[in-house]
Amino acid sequence: MTPRPLPKSPGRHRVVALLQSPQSAFPLACAAEVFGDHSPAIPARYAFEVCAEHPGPVRTQAGYDMLVTAGLDALERADTVVVPGRQHPAGAAVPPAVVAAVRRAHRRGARIVGISSGAFVLAAAGLLDGRRAATHWAQAAELAALYPRVRVDPGVLYVDHGDVATSAGSAAGVDLCLHLVRTDHGAAYAMRVARQMVTPPHREGCQLQYAELPTSGPVTDSLAPLLEWLAGRLDQPVSVADMALRSQVSPRTLTRRFTEQLGISPGRWLLDRRLAATRALLEETDLPVETIARRVGLSSAVNLRRRFHEALRTTPAAYRRAFRTGEAGREPRSIVSGG
């Protein structure tokens, strides 16, 4: 689908988080950390605030109350509405006033984002009917049962349709929020925000790797040391055999681990990292494409252009021009998953 343009507010992009009692602190913190103010070295491009159906103290699961001074009318001036997950009894209804306010914001053109169980609010408002959606794996069955018109995917980390987006639980909220920053302002800006937060700018895989397994057994060996080693060698030719040797396993075993933990092949993971580095260099530098190709390990400008076009359906030159003129298009709405 072609996403509709977001509403334009004077100054910064306004993000409003809609809180509900008892509010989960971590999903809210995910949004606040990504969209809030960062160090002076990172230009502030978002204004973040919170609201609630009933202004006043809002109870949290962390054992403290938050004083929220803004009501649902804050959604009327939001460019993006974030609904962080909260603790709720099974089958609990979403308050009608909240549903109506979210619908009005969406009709006005605001982007609506549900983190973890926040997807239940979007579903109650009818914004996910006929669409794929994510939520915490432990609540996927409940969401599907309550809202049968929603295509609940229990495996993905997040789903972005442009006007609405949903994520899996907890840390997947960071993944989604950074994806939205990357969509709004480019890979380089998102990378700077992620670096400030000391978190990966893009996390591979699906949430099924974190779900409870039906039977007990040995935990699959982590790929983290290998991925860190690879990230520091993007400019060097690295084969699957090299990766397997580094991990002291066979190429077949390594490929199986990548499929189990990340849902993609070793070669695909490495290419994705090289393309992400390419995007950042196109956005932030004037380096020739040939130089960028060598820096990211794609060997030549011809190979870089081919790979870039296959992934993004545009050329490096057009991509760079778009960011230099401030008219970068929204990147393709992809679902981070095993596939």
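Gln248 is found in the loop between α8 (240–247) and α9 (251–261), where helices (H or I, at least four residues) and strands (E, at least two) are DSSP runs numbered from the N terminus. The model is predicted, so local features need pLDDT of at least 70 and side-chain atom pairs count only at pLDDT 80 or more, whereas totals for chains, interfaces and linings use all residues. Residues are numbered from 1 along each chain as its sequence is written, and side-chain values use heavy atoms, with hydrogens and water left out.

**Overall make-up**

- The secondary structure of the protein comes to 13 helices and ten strands.
- Of its 339 residues, 49% count as buried, a class that means under 20% relative accessible area, with exposed meaning over 50% and partly exposed lying in between (1.4 Å probe, protein chains only).
- The protein exposes about 16,100 Å², of which carbon and sulfur atoms supply 54%; accessible areas come from the Shrake-Rupley method with a 1.4 Å probe, and for residues only the protein chains shown count as cover.
- Among contacts with a separation of 6 or more, 68% join residues 24 or more positions apart, contact meaning heavy atoms within 4.5 Å.

**Backbone exceptions in loops**

- Most residues other than glycine have a negative phi, and most peptide bonds are trans.
- Gln248 has a phi near 60°, a positive value in a residue other than glycine, and at 74% relative accessibility this residue counts as exposed.
- Ser116, in the loop between β6 (111–115) and α3 (119–124), also has a positive phi, near 55°, but Ser116 is buried, with a relative accessible area of 9%.
- The peptide bond from Ser21 to Pro22 is cis, with omega near -5°, and Pro22 lies in the loop between β1 (13–19) and α1 (25–35).

**Ser24 in the loop between β1 and α1**

- Ser24 has its place in the loop between β1 and α1, and is buried, with a relative accessible area of 13%.
- A polar atom of the Ser24 side chain lies 3.5 Å from the backbone oxygen of Gly85.
- Leaving aside neighbours within four places in sequence, Ser24 is in contact with Gln61, Gly85, Arg86 and Gln87.

**Nonpolar cores**

- In the largest nonpolar core, which has 34 residues, Leu18, Leu75, Val81, Val102, Ile112 and Tyr147 touch the most other members; such a core is a set of buried Ala, Val, Leu, Ile, Met, Phe, Trp, Tyr and Cys residues joined through side-chain atoms within 4.5 Å.
- The elements that give two or more residues to this core are β1, β5 (80–83), α2 (96–108), α3 and α4 (140–146), and α3 gives the most, with six residues.
- Leu18, leaving aside neighbours within four places in sequence, has contacts that include Cys51, Leu72, Leu75, Val82, Val98 and Val102.
- A second, separate core of 30 residues includes Leu234, Leu254, Val289 and Tyr319.

**Helix α5**

- At 1.5 Å a residue, the 14 residues of α5 (residues 172–185) should span 20 Å, and the end C-alpha atoms are 20 Å apart, which agrees; the expected span is 1.5 Å times one less than the number of residues.
- Twelve of the 14 residues of α5 are buried, so this helix is largely enclosed by the rest of the structure.
- The buried residues of α5 include Asp175, His179 and Arg182, as well as Val174, Leu176 and Leu180.
- Just after α5, Gly186 takes a positive phi of about 100°.

Key. A polar contact is a pair of N or O atoms within 3.5 Å; within protein, one must be able to donate a hydrogen and the other to accept it, and residues adjacent in sequence count only if both atoms are side-chain atoms.
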